[in-house]
Amino acid sequence: MSYLDNIFFAIALIIGFGIFATNVKKIYRNIRLGQPIDRSDNKSQRWKQMLMIAFGQTKMVRRPIAGILHLVVYIGFVIINLELLEIIIDGLFGTHRVFSGFLGSFYNVLIASFEILALLVVVAVVVFWLRRNAIKLKRFVSSDLKDWPKNDANYILYFEIVLMTLFLTMNAADAWLQNVDHAGYVKAGAFPVSQYLMPLFDGMQASTVVMIERATWWMHILGILVFLNYLYFSKHLHILLAFPNTYFGDLNPQGQFNNLESVTNEVKLMLDPTADPFAAAPATDAPSRFGAKDVMDLNQVQLLNAYTCTECGRCTSVCPANQTGKKLSPRKIMMATRDRLEEVGKVLDKNKNQWVEDGKSLLNDFITPEELWACTSCNACVEECPVSISPLSIIMDMRRYLVMEESAAPMSLNAMMTNIENNGAPWQYNQMDRLNWKDEN
């Protein structure tokens with residue numbers, strides 16, 4: 001590789017990682033638009049949760065077929081990209097398989113394992129494509145998974161096949177050149193898969209094979225850089241965000257909801273017989289509104305959830321409301337939250353990070369009250385999510401807004417709350433009759 005090639009390679013890296021850093025900065029800014037929340041407690045338990053769920057994939061394998069296939073792709077993604085370090089060093093300094101010099105025979109084991117994983121990744125991706133496009137599993141043929149979300153999933157699969165094919169073709173050309181002792185191609189690596197591609201180069205001139213090897217090498221590294229920056233626009237952002245998302249996940253028992261501090265203080269004041277009813281309320285850091293109407297009212301972990309969503313549809317597939325034909329889809333709740341957050345981000349970009357009202361909100365424009373009230377708050381979606389996302393927390397915060405700010409609860413719920421207030425029970429009968437059931441026997 002000439003010095004000019006080294007310079008071009010360095011420029012490509014700077015551009016690729018520079019764009020990636022810009023996208024990461026946007027994501028961080030958008031998440032910071034949410035309300036602060038303290039998740040610094042129980043660090044050891046949080047690390048364990050992250051290692052088990054994000055790294056260990058424990059919730060993925062609950063569905064064995066998809067789980068094992070995903071595990072293959074995940075391990076392949078992590079391990080094969082270790083080779084990326086070698087490619088970067090070779091590209092910057094003009095070396096060839098630089099790691100072989102000090103890894104010795106272990107280098108052969110590494111390259112062989114990379115190739116076997118690459119083949120397994122191709123097989124897994126083909127199965128994933130068939131599940132989505134030929135078998136058409138129900139959770140992939142939903143009304144909330146069409147147009148861009150549906151195409152995005154397929155684009156990722158095509159990307160992975162192309163990258164693995166380039167990797168194996170590059171190795172095959174490299175191995176062929178090693179066998180003919182071509183200058184600059186030292187013998188290094190074992191090629192259990194790409195060796196079957198080597199006969200394709202028989203009869204070609206060495207210079208032609210060099211061109212093929214160089215072309216696939218460049219296309220492979222540039223493809224990885226393109227893929228890295230495509231993540232920002234894709235559901236595959238969870239590759240990076242699953243780790244912080246599981247770390248900052250809620251450790252409370254499922255079904256335990258948080259109380260609004262401002263409301264709690266009001267209730268305590270009402271129950272305190274020594275309190276002055278005419279005294280000014282103590283200063284608090286209460287939010288500007290009760291509950292959530294827009295993404296800025298949600299907390300930062302909820303917004304991180306939205307960016308981490310894999311759109312796999314496991315949450316929707318177990319949602320009892322969705323199964324009975326209700327409009328609610330927990331996956332759509334997360335997708336809508338992310339879409340609105342991205343829209344808010346574009347407004348900030350346009351106005352130099354200053355928020356200008358755009359006449360829209362998460363409630364009504366992206367998520368309807370009908371969807372919110374269809375939720376049974378059973379936590380099935382939270383339990384099923386492979387990366388610890390909680391659609392329910394967003395639903396409950398938006399319900400709070402509807403009840404406490406707009407008094408827009410369904411008639412049946414309003415009747416129940418009125419009965420509790422007047423009768424001390426959800427049913428409409430006199431308080432004196434509450435214990436009559438004990439005499440019915």
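This briefing describes selected helices and loop residues of the structure above.

The structure is a predicted model, in which local features need pLDDT of at least 70 and side-chain atom pairs count only at pLDDT 80 or more, while totals for chains, interfaces and linings use all residues. Residues are numbered from 1 along each chain as its sequence is written, and side-chain values use heavy atoms, with hydrogens and water left out. Helices are DSSP runs (H or I, at least four residues), numbered from the N terminus.

**Packing of α3 and α4**

- Helix α3 (residues 64-80) packs with helix α4 (residues 82-93) at an angle of about 25°, and their axes lie 4 Å apart; axes are lines fitted to C-alpha atoms, for helices over the stretch in contact, and angles run from 0 to 180 degrees between N-to-C directions.
- The two helices α3 and α4 are therefore roughly parallel to each other (angles under 35 degrees count as roughly parallel).
- Val78, Ile79 and Ile80 of α3 meet Leu82, Glu83 and Leu84 of α4, where contact means heavy atoms within 4.5 Å.
- The residues of this contact of α3 with α4 comprise 5 nonpolar, no polar and 1 charged (Ala, Val, Leu, Ile, Met, Phe, Trp, Tyr, Cys and Pro count as nonpolar, Asp, Glu, Lys and Arg as charged, and the others, Gly among them, as polar).

**Loop residues with positive phi**

- Asparagine 42 is found in the loop between α1 (3-31) and α2 (43-55); its phi is near 45°, a positive value in a residue other than glycine.
- Asparagine 42 counts as partly exposed, at 43% relative accessibility (buried means under 20% relative accessible area, exposed over 50%, and partly exposed in between, with a 1.4 Å probe and protein chains only).
- Glutamine 57, in the loop between α2 and α3, also is not a glycine and has a positive phi of about 60°.
- Glutamine 57 is buried, with a relative accessible area of 7%.

**Helix α9 and its surroundings**

- Helix α9 (residues 238-247) is mostly covered, with 7 of its 10 residues buried.
- The buried residues of α9 are His238, Ile239, Leu241, Ala242, Asn245, Thr246 and Tyr247, and they pack against α2, α3, α8 (206-230) and α11 (300-308).

**Threonine 310**

- Threonine 310 is found in the loop between α11 and α12 (314-318) and counts as buried at 10% relative accessibility.
- Not counting residues up to four places away in sequence, threonine 310 touches Lys235, His238 and Val387.
- The C-alpha atoms of threonine 310 and proline 386 are separated by 8.8 Å, although these residues are 76 residues apart along the chain.

Note on methods
Angles under 35 degrees count as roughly parallel, over 145 as roughly antiparallel, 65 to 115 as roughly perpendicular and the rest as oblique.
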